[in-house]
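Thank you all for coming.

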Amino acid sequence: MESNVVVLAFRLIVPFKKYLSIATFLAALALWQQPIHAAETAQDVCPRPQAGSVVAEPTDLRSQNGVLEVTLTAKNAAEDGGSVRYCYIDAEGHEAPNLRVNPGDEVIIHLKNALTNLASTTTESPHIHSHSPASGGPCASGIMSPISVNLHFHGMTIPPVCHQDDVMRTSIQPNDAPFEYRFRVPADEPPGLYWYHPHIHGFSKQQLLGGASGALIVEGMERAKKEVAGLPERVFIIRDQDLVNPNAPPSKSEPVVPKFMADKDGDSTNNGTGFGKPAKDLSINYVPLPYPDYPPATIEMKPGERQLWRVLNASAITYLNLEVLFDRAPQPLGIVAMDGVPLNQNVAPGDSVNVQTHLGIPPGARIEFIVQGPPEGVNALFVTRTVDTGPGGENDTNRALAKIVATQNAPEPQSKLARSPEPLPPAHEAWLGSVQPVRVRHLFFSEKLADPNDPASAVEFYLTVDGETPKMFDMNSTIPNIVAEQGTVEDWIIENRSSELHAFHIHQLHFLLLEYMGRPMSENFLRDTVNVPYYNGRLLSYPSIRVRMDFRDPNTVGIFPYHCHLLEHEDKGMMGTIRVEPSTSQSPAETANK
Ligand SMILES: [Cu+2]
């Protein structure tokens, strides 16, 4: 069955021509990220494992008596190649800890900004504003610089206000006092994998590439999916980063990419072959997987053991297409949740576990699935296959993430799901698919060269409400692009008029994918990030998706963004804002209570 979008979204479309280059922008960025000569190295500040290491689980920080209180410090340091590492460190020095909470818990995070300005003192850095009391403080300044920091709790239905999940104005500067985030996990937040990352517009890509991200887990998956009760669980965070060996030729074991498909800087734009130089290196729980040989990390499991794998694509721009291979044969993976939402919670009885052999995951998305470990002695790999991102997209190559080693001596995973869980109460809201939308909106992704006559000029990125003139998102704009009303649901049709993939994401809520490329979908789960296929120049209409947006939760009231989750695109303008106004009518439930 190809009806599942996990498969559909990545059906190969043969690229025809490539013409967009991001190299100019990358080079310009690198110019002011000059290495500093300080006693502390990047390895001291944000330590990272060696290539080939055993994949270690991030440290678990669990809520106690209904409260999770942690201190996170944002740090950075220049690497030799000119890239900058970023990390969030907890009070004990653990990098990117897993924040584990229960529905209804209170979360308190003291966020300290210990970022240093790594720009050369002789070069003026772009967009860096000095912080002064006049700027309004962390809740109002809106300062967006490479040394500003904040937190977005991706996927969580919590209010878009300062100290909770606002990213439009909230910005903490290096000299600010520790900033307090304090919010309550909604009692009905679906159990699953969410994540935290900085959302400093203009600098998101750079901070994510540097490694600033971590997992936020709402406990209780076993209460929604009895199939995972008692299973050991693993959290795998796939991040991307600048190439460690940017000038290396491809590995000799790879087929040669025909010259006409290679980009002028090597291979960093999509050549459609699955080989050649990728746009970015990947890492798994910070174990680097550097081009050109991609030495895999190591995952140890007991032979034949079943585990729940929770995989977060925390990449800034790299798509994943995950597979588990035993002696080169793809293995069945039992999907239980997407984007933090368990499958089939609200609809009529049906398949509870969706079995697939490959899993397409756009940047920002998460997938949780049951894996059975290999028997001892079998050559097993966890890989990502190439993704055709379109002629204008990045080259996301085939590569191994980890070899899976079956051994009786494998350590017990540090976290296990409860064996006899109490089932979750039934949802109190109607399934989104059965609610009548109050309106249909049309939006589109598009791109334009800043100078149409110069193919080397910068690319501008737009996400536009149909009927308006495309323009790059302006952080200073106070007029929302869309106004909606709490308590309603809307259908949005989102087109892609560009020659590369984009990943649509909206804060504060989940949506239901109704149509993909004009074909109706029957998904029994919700998403917060979805791939939008690219235009190949030959189709009679632009590729599109149709999603049902859910504004029923009172926590969606306020102003928040929607954007492309390829963060280079977001940083360069592919974003808009929505204002959800309080409901003007009483909900049927409120009326019934009177
Ligand atoms: Cu995009």
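Let me begin with Cys 564, which at 0% relative accessibility counts as buried, where buried means under 20% relative accessible area, exposed means over 50%, and partly exposed lies in between, with a 1.4 Å probe and protein chains only. Before I go further, please keep in mind that this is a predicted model, in which local features need pLDDT of at least 70 and side-chain atom pairs count only at pLDDT 80 or more, while totals for chains, interfaces and linings use all residues. Residues are numbered from 1 along each chain as its sequence is written, and side-chain values use heavy atoms, with hydrogens and water left out.

Like Cys 564, which is buried, His 569 counts as buried, at 1% relative accessibility.

**The disulfides**

Turning to the other cysteines, the structure holds two disulfides, a disulfide being a pair of cysteine sulfur atoms within 2.5 Å. One joins Cys 46 to Cys 87, with an S to S distance of 2.1 Å, and with -80° about the S-S bond this link is left-handed. The pair ties together distant parts of the chain, since Cys 46 sits in the loop between helix H3 (42–45) and strand E1 (60–62), and Cys 87 sits in strand E3 (residues 84–90), 41 residues apart. Helices (H or I, at least four residues) and strands (E, at least two) are DSSP runs, numbered from the N terminus. Cys 46 counts as buried at 0% relative accessibility, and Cys 87 counts as buried at 2%.

The other disulfide is formed by Cys 139 and Cys 162, whose sulfur atoms are 2.0 Å apart; the torsion about their S-S bond is about -85°, so this disulfide is left-handed. Is Cys 139 buried or partly exposed? At 29% relative accessibility, Cys 139 counts as partly exposed.

The largest nonpolar core has 37 residues, and Trp 492, Phe 504, Ile 506, Met 549, Tyr 562 and Ile 578 touch the most other members. By a nonpolar core I mean a set of buried Ala, Val, Leu, Ile, Met, Phe, Trp, Tyr and Cys residues joined through side-chain atoms within 4.5 Å. Leaving aside residues up to four places away in sequence, Met 549 touches several residues, including Trp 492, Phe 504 and Ile 506.

To finish with the chain as a whole, the secondary structure comes to seven helices and 35 strands, and buried residues make up 59% of the 594 residues. Among contacts (heavy atoms within 4.5 Å) between residues at least 6 apart in sequence, 79% join residues at least 24 apart.
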